[in-house]
Every structure is written in structure tokens, then in C-alpha cells.
Amino acid sequence: MKQTLPEALLAAARSPTAGLRFLDRHEQATWLPYREVAARALAVGARLVAAGVAPGERVALVFSTSPEFIDAFFGCQFAGAVPVPLYPPVRLGRLEEYHAQTARLLAVSGAVLVLAESRVRRILGQAVAAAAPRLGCLTLGELPASEGGEPLAVVASDLALVQFSSGTTVDPKPVALSQRAVMAQVAALDSFWPQSSGIEQSGVTWLPLYHDMGLIGCVCAAVTHPGTLTLIGPELFVARPALWLRALSKYRATISVAPNFAYGLCTAKVRDEELAGVDLSAWRVALNGAEAVAPSVLRAFCERFGSWGFRREALTPVYGLSEAALAVTFSRLSEPFTARSFERSRLGEGIAREEAAGRELVSVGRPLPGFALRIANAQGNPLPEGRVGDVLVQGPSLMDGYLGQPEATAAAFHDGWLDTGDRGFVFEGELFLTGRRKDVLILRGRNHAPEEVEHAVQDVAGVRAGCAVAVSYLPEGASGEHLVLFVERARPIGPAGEARFDEAGITEACERAVLRAANLVVDELHVVAPGTLPRTSSGKLRRGETLRRHLAGELLPPVPVTAMRLAGAMLRSRLALRRARRTARKSGGSHE
């Protein structure tokens with residue numbers, strides 16, 4: 001087993017066939033064999049050293065999914081530096097918020113340099129000025145020239161990267177992962193893939209590379225195997241999810257991973273005509289993780305794409321978190337996913353008891369090799385099987401801690417067990433999650449999981465897939481907490497905007513769906529524009545932040561990039577017209 005990522009990439013460079021493939025919006029491919037990936041990264045590493053980056057210093061990376069990100073990430077590895085992947089700006093309408101958050105992430109990580117692609121570098125000025133990294137912000141082309149040389153020595157205890165936790169309920173924390181932790185994680189993943197003779201494992205991903213699922217679970221795992229990985233930009237997937245399925249078919253990929261919303265998005269948006277010639281039968285492992293798994297979404301995806309060769313057994317719910325480098329549990333690969341129903345009232349009391357008409361939950365499986373689970377009460381004492389409590393984990397890929405935050409690190413660990421912040425229980429040896437500890441809904445003295453309410457409206461016509469947030473709070477003067485549900489409208493369908501949905505109809509349908517599925521009455525329901533609900537850098541909805549913005553009157557939709565461009569074009573047109581009129585008046589003519 002390789003001990004570090006630099007060692008793994010140099011070994012992968014000897015592979016005659018494996019490498020990375022980048023697809024653009026036209027499905028045209030750029031191919032980089034690992035020998036070229038290594039050569040480019042070695043050159044960047046030497047130039048980072050020439051720029052004054054010392055071993056162990058952090059370098060922030062702000063890139064889209066591109067060969068440049070790979071150059072920068074592995075260049076840091078060869079320079080002995082620690083990459084800190086950050087998300088690039090997506091919407092121009094929220095630049096102030098983006099600058100403030102990025103400046104904070106740069107400061108918290110202690111980055112001495114920001115590397116960014118040229119189009120992003122022009123936007124980053126305010127954030128970089130606020131954080132003031134020692135070496136500023138550069139593109140790869142602006143790094144000083146270097147004659148190259150040998151990569152700096154890196155050992156297993158050195159930091160491999162700093163990634164930020166999702167920050168669903170709190171601000172993101174800088175998770176410090178050692179080379180040992182990352183390599184232990186990819187080794188555990190590699191041991192889990194089916195080792196069928198004659199089948200070469202390969203993957204497709206559209207996940208952002210600043211998130212552990214995309215970076216560690218896909219890129220690092222592919223390099224360490226080594227295997228072939230096809231990468232698609234997340235913005236391309238969201239605009240046209242069929243690209244993901246078409247790539248899986250074209251390249252006969254066997255493994256791909258995505259959060260629950262992606263499977264729902266494909267079911268809702270992919271049209272039959274986009275799947276001409278598509279064959280999904282080679283897709284053996286379709287991992288579903290990073291957010292709560294909805295059984296209705298899994299079933300709908302299987303039914304929708306079964307005609308194109310997708311196997312129900314391929315869908316594999318998993319569980320993990322940034323602080324464990326990625327995965328902790330996997331479902332069985334050779335069997336269909338497991339869903340069971342549990343009595344709602346008893347779950348609220350902390351007891352898992354099966355009931356046919358109860359709340360349906362999906363098993364996220366058993367611990368990966370080397371990992372262990374513990375369900376504990378508020379005092380940290382272990383609970384028996386079938387009791388709901390806090391989910392604690394142990395394993396070889398746990399973080400060193402939160403970078404520069406010893407108090408937060410101490411709070412996260414209990415006698416060597418990592419407190420995940422999640423709630424759940426073990427039933428017949430498998431883990432079932434009930435929700436986040438701090439996101440729980442407290443209604444009429446009982447605890448309820450927000451996921452149950454959010455999943456209830458998943459299939460309501462007019463609701464954007466995976467874009468619902470349920471929270472509870474005590475309004476001034478009220479006798480009890482209110483259940484508040486926010487849903488984003490679906491975007492109009494078709495070039496003329498056919499199939500628009502009225503808000504009154506969406507509201508009524510959502511209220512009925514929640515009452516039917518969770519036996520709860522929604523006190524307030526707000527239908528908001530697409531893109532309104534706040535998310536973490538990895539795309540998870542932020543419940544607490546949604547409520548805070550709503551109560552402060554700040555829950556406003558972003559200004560889309562296209563709208564900003566249109567406004568700019570209109571302004572330029574008006575200015576041009578004014579200049580033309582002034583010229584006409586000076587010449588004695590007219591201009592209409």
C-alpha cells in the first residue's frame with residue numbers, strides 16, 4: 001500500500017492506460033494519462049517552491065473542474081504544501097456574501113497563497129484583500145519559472161489537505177487530514193469495489209473537486225487504484241443531468257457516486273430522447289451519500305432507468321463525513337438497497353420499532369473495514385441495538401482535528417470516538433440515520449426529523465427536486481413551536497415557459513403531502529424562487545441559516561448570471577444610444 005499521495009501518483013504514472021478524462025458541455029474529451037498528470041504536477045510543485053511556499057504551508061485552490069485544478073492539487077503535494085480546495089463563485093448576484101465567506105475561509109485555513117484560474121482571479125480581489133495571504137493570489141501561469149527538480153519528501157503523518165466541513169448547522173470548520181488518513185480511506189474504498197475478473201473498474205463524476213466525495217472518493221481513489229476517471233463540471237450536470245448518464249454509458253463506467261438530489265433530478269429532468277443509445281448495464285456501483293437518502297427517490301430512479309439497463313442492485317446508500325475523510329459505512333454491493341418502516345411516535349421517544357405504516361428509512365449499511373460504530377446517549381454511554389442516539393465512529397481515516405481549533409477538536413472526540421453530530425440507530429446490524437442532532441424539529445413535545453417532511457414534498461408538482469427545508473421555531477406570543485416549510489418552485493419547462501405552477505396549488509399539495517406522510521400540520525409554507533435557499537459549499541441546504549434569513553427578511557433569490565449579463569447589456573445599449581443622440585445633436589441631425 002502506498003503511504004502518500006505523491007507516492008501514489010508517481011506509481012500511477014507507470015500505468016500505460018489509466019488517466020483522467022475531462023468532458024466539456026459538447027461531450028468532447030480532454031485526456032490526461034497519469035504520466036502527464038505527474039509531469040505537470042511536478043512542474044507546478046517546483047514553481048510553488050520558487051514562489052516561496054514552504055513545506056506545510058497552506059495554499060488555497062479556487063478552480064472549476066479542470067486539468068488546472070489537478071495540476072495545482074498535486075503540485076502542492078509535490079511541493080510539500082497543503083492544498084485547501086475552496087469553491088469558486090457561482091452566482092454574481094451573491095458576490096458580497098461569497099467574498100465575506102471566502103475571506104473567512106482563507107483566514108481560518110492560514111493560506112499563504114491563493115491559486116485560481118484567470119476568470120476567477122478577477123473576481124477574488126475583495127476576498128484576497130480582506131484575508132491578505134502573504135503571497136497574494138496568482139494563476140498557475142503567474143508562478144515564477146523553475147528548472148524543476150525532485151519532489152520534496154512527504155511522510156504519512158504530514159497533512160495531505162485541509163477541507164471544510166459542510167457546515168449544515170454551523171460555520172464550516174477546517175478539517176485537517178493527514179496523508180495517512182487519506183490513503184487509509186482510499187484503501188478502504190478500493191477493497192470494497194467488486195473485483196470481478198476481466199472487468200476494469202472505472203468511474204464518472206460530476207461532483208465538485210472542493211468536496212471530499214469528488215476529490216478523495218473519486219480523484220484520489222482513481223489515482224491510487226490506478227484507474228480511469230471521467231470528470232464533468234457540476235454546473236454542466238445541473239444544467240443537463242443526462243450528460244452524467246451518457247458518459248457512464250459511453251465509457252462503460254462501473255462506479256459513480258452522487259447525493260440523493262442528483263438521482264431525483266435525473267428522474268425529473270432527463271428526457272427519453274437524450275438517452276438514445278444509452279446502456280447503463282455496466283454501472284455496477286451507484287453510490288448515494290452526502291445527504292439524507294429518500295427511499296421514494298431510489299425507487300423512482302430504478303423504475304425510470306431500468307429500461308436503459310440500470311440494475312436495482314447497483315444503488316448503494318452510504319454514510320460518511322468530512323471528519324472521517326469520506327466514507328464510514330457501505331450497503332451491500334450485490335443486493336438491492338434496504339428500506340424499513342418504523343413507528344413514528346416510538347422513534348420520537350428514542351426507540352426503533354418496525355411498523356408497516358411508520359416512517360420509512362433506508363439502511364446505509366455496515367462499517368467499512370477498520371471502522372466501528374457506536375450509538376450513544378447524551379452522556380456518551382453506549383446504547384443497545386434499536387435505540388436512537390448520537391452516532392459516534394472510529395476508523396483509520398479520522399481527521400487529525402480542526403486546524404488551529406483545539407477546543408473544537410476536543411469537543412468532537414469522546415474517548416477516541418468521533419461525534420458525527422448525526423442521530424440514528426443500529427437495526428439488525430445496519431445503520432439507519434434519523435437526522436442531524438441540531439436540526440431536529442420539536443413539535444408538541446416530540447422530536448421529528450426534518451428529512452421526513454422534506455422528502456414528503458419531493459414529488460409534488462411544481463416543487464424543485466431536492467429543494468425543500470423544514471424548520472421549527474417559537475413565534476412571539478405563540479403557545480408552541482411552528483412547523484415552517486420552504487420549497488423552491490421548479491423552473492418553467494420548455495422554451496416558452498410552459499407548465500408554470502401556481503403557488504396556491506403548490507402550497508395546498510405540499511400541506512396534503514406532509515400530513516399524509518408525516519402526520520404533521522404545516523403552520524407556515526413559503527414557496528420561493530429557484531436558487532433562494534442557502535446552501536453549504538458542497539451544496540447541502542442550510543436549515544438554520546434559512547430560518548435566520550427568513551426571520552430577518554433576508555431570504556431573497558440570487559440574481560442569476562444571465563440576468564446580470566442582460567442588465568449590463570441593456571446599460572451598455574442605453575449609453576451607446578445616448579452617445580449617438582449627442583453626436584446627432586452636434587451634427588444637427590436626429591437619431592431615433
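The structure is a predicted model, in which local features need pLDDT of at least 70, side-chain atom pairs count only at pLDDT 80 or more, and totals for chains, interfaces and linings use all residues. Residues are numbered from 1 along each chain as its sequence is written, and side-chain values use heavy atoms, with hydrogens and water left out.

Helices (H or I, at least four residues) and strands (E, at least two) are DSSP runs, numbered from the N terminus.

**Ser66**
- Look for Ser66 in the loop between strand E3 (58-62) and helix H3 (67-79).
- Ser66 counts as buried because its relative accessibility is 11%; buried means under 20% relative accessible area, using a 1.4 Å probe and protein chains only.
- Beyond its neighbours within four places in sequence, Ser66 is in contact (heavy atoms within 4.5 Å) with Phe22 and Glu117.

**Thr102**
- Thr102 belongs to helix H4 (residues 95-109).
- With 3% relative accessibility, Thr102 counts as buried.
- A polar atom of the Thr102 side chain lies 2.8 Å from the backbone oxygen of Tyr98.
- Not counting residues up to four places away in sequence, Thr102 touches Leu86, Leu124 and Ala127.

**Strand E8**
- Strand E8 (residues 174-178) is largely enclosed by the rest of the structure, because 5 of its 5 residues are buried.
- Pro174, Ala176 and Ser178 are buried on one side of E8, and Val175 and Leu177 are buried on the other.
- E8 pairs (DSSP finds at least two bridges between the two strands) with strand E7 (residues 159-164) in the antiparallel sense over 5 bridges.
- Within E8, Ser178 is the bridge partner of Leu159.
- E8 also pairs with strand E20 (residues 401-402) in the antiparallel sense, over 2 bridges.
- Within E20, Gly401 is the bridge partner of Ala176.

How values were computed
Buried < 20%, exposed > 50% of the residue type's maximum accessible area, 1.4 Å probe, protein only. Polar contact = N/O pair within 3.5 Å; in protein donor to acceptor, adjacent residues only side chain to side chain.
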